[in-house]
Amino acid sequence: MITVSIVTYHTPDDELSGCLRCLESDLVKRVYVVDNSRSRSTRDIVEGVGKGVYIPSDNVGYGAGHNQALRRVMDGGEADYHLVMNSDIEFDSDILGKIAGYMDGRRDVGALQPLVYSPGGERQYTCRALPRPADVFARRFLPRGWFAESRDAYLLKHLDPSLTWNVPYHQGSFMFLRVSALRVAGLFDERFFMYPEDIDLTRRIHRHFLTVMWPGASIVHAHRAESYKSLRMTRIHAWNMVKYFNKWGWLRDDERDEFNRGIRPV
């Protein structure tokens, strides 16, 4: 069985409703919506879904929000897999069965991300190498054409998308996780309000399991990229990345270098 968590914050009603329709699968046991804005309309939508569980929350951030659902899942022992997803994701509900079937046959896989596309069909490179400071801050603050080769290497654009790859960073819009892997690696690190919590969790799972980019399924992500549009979100992004590099290392991060050298097809 699969459980799902979605963290909302003033999320448009139509976006959330469309996301919940994607989860109409017999494999999905429960869908937790952690609402960091305590919106009445969000509550009404979730409570109108038979599998929906509405969790009102203060605005504690992305990872801490998902952790509220994950603790319930792990305490209850109600699922083998848990899907962390954004509300701006759409996919055919049958892909959950495909992903679960693959992971049933690969007990060494702790986390999976399918191929991700924009609504217009453009590939989104959401499975990446572990970042160096230059990868993050150059990509965010310098003109797009600068250091193009280095940027492409960080985004792993050279990987053949027809193969399954073991990569150490899955972007947090769609993280299909083995619950037993979370018991080993732990939950999201709540010191990060937003942005690097997905990098941090994937690399901790990667220590013990494969964390794969799998071409057997694809999803559509209407990526809003709020930190590129809002000065407030830019500051939040930058400060949380500082926290990430303070934790793992700025110039020296031996595990980062080892994991990035080990990116390979499996």
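The exercises below walk through a predicted model, with a worked solution after each task.

**Exercise 1. A residue in strand 1**

Task: Find T8 and decide whether T8 is buried or exposed.

Solution: 
- Step 1: Locate the residue. T8 belongs to strand 1, which covers residues 2-8.
- Step 2: Check its accessibility. The relative accessibility of T8 is 1%. The cut-off for buried is under 20%, so T8 counts as buried.
- Step 3: Look at its surroundings. Apart from neighbours within four places in sequence, T8 has contacts with L16, V33, V34, D35, N36, S37 and T42.

**Exercise 2. From strand 2 to strand 3**

Task: In which sense do strand 2 and strand 3 pair, and what is the hand of the crossover that links them?

Solution: 
- Step 1: Compare the two strands. Strand 2 and strand 3 (residues 52-56) are paired in the parallel sense, with five bridges.
- Step 2: Pick out one bridge. Y32 has V53 in strand 3 as its bridge partner.
- Step 3: Follow the chain. From strand 2 it passes through helix 2 to reach strand 3, a β-α-β crossover that is right-handed.

**Exercise 3. Strand 4 and its partners**

Task: Work out how many residues of strand 4 are buried, and in which sense this strand pairs with strand 1 and with strand 11.

Solution: 
- Step 1: Count the buried residues. Five of the five residues of strand 4 are buried, so this strand is largely enclosed by the rest of the structure.
- Step 2: Sort them by face. Y81, L83 and M85 are on one side, H82 and V84 are on the other, and both faces are covered.
- Step 3: Turn to strand 1. Strand 1 and strand 4 pair in the parallel sense over five bridges, and T3 has H82 as its bridge partner in strand 4.
- Step 4: Turn to strand 11 (residues 174-178). Here the pairing with strand 4 is antiparallel, again listed with five bridges, and F174 in strand 11 stands opposite M85.
- Step 5: Look at strand 11 itself. Five of its five residues are buried: F174, F176 and R178 point one way, while M175 and L177 point the other way.
- Step 6: Strand 6 pairs with strand 11 in the antiparallel sense over two bridges, and L112 stands opposite F176.

**Exercise 4. A glutamine in strand 6**

Task: Find Q113 and say which side chain its own side chain meets in a polar contact.

Solution: 
- Step 1: Q113 sits in strand 6, residues 109-117.
- Step 2: The relative accessible area of Q113 is 0%, so Q113 is buried.
- Step 3: List its contacts. Not counting residues up to four places away in sequence, Q113 touches T126, C127, H170, Q171, F174, V212, M213 and W214.
- Step 4: Compare sequence and space. Q113 and Q171 are 58 residues apart in sequence, and their C-alpha atoms are 8.5 Å apart.
- Step 5: The side chain of Q113 makes its polar contact with the side chain of T126, at 2.5 Å.

**Exercise 5. A pocket and a backbone angle**

Task: Which residues are closest to the centre of the second largest pocket, and where is L156?

Solution: 
- Step 1: Start with the pocket. The second largest pocket holds about 170 Å³ of space. Among its 13 lining residues, A129, R132, A153, Y154 and N260 are the closest to the centre.
- Step 2: Name the helices involved. Helix 6 (148-154) and helix 10 (254-261) each supply at least two lining residues of this pocket.
- Step 3: Move on to L156, in the loop between helix 6 and strand 9 (165-166). Its phi is near 60°, a positive value in a residue other than glycine.
- Step 4: Check accessibility. At 5% relative accessibility, L156 is buried.

Technical notes
Residues are numbered from 1 along each chain as its sequence is written. This is a predicted model: local features need pLDDT of at least 70, side-chain atom pairs count only at pLDDT 80 or more; totals for chains, interfaces and linings use all residues. Side-chain values use heavy atoms; hydrogens and water are left out. Helices (H or I, at least four residues) and strands (E, at least two) are DSSP runs, numbered from the N terminus. Buried means under 20% relative accessible area, exposed over 50%, partly exposed in between (1.4 Å probe, protein chains only). Contact means heavy atoms within 4.5 Å. A polar contact is a pair of N or O atoms within 3.5 Å; within protein, one must be able to donate a hydrogen and the other to accept it, and residues adjacent in sequence count only if both atoms are side-chain atoms. Two strands pair if DSSP finds at least two bridges between them. A crossover is right-handed if, with the strands pointing away from the viewer, the path from the first strand over the helix to the second runs clockwise. On a 1 Å grid over the protein atoms alone, a cavity is a set of points where a 1.4 Å probe fits but cannot get out, and a pocket is an open set with protein on both sides within 12 Å along at least five of seven lines; lining residues have an atom within 4 Å of a point. Grid points are joined across faces, edges and corners, and a volume is the space filled by probe spheres set on the points.
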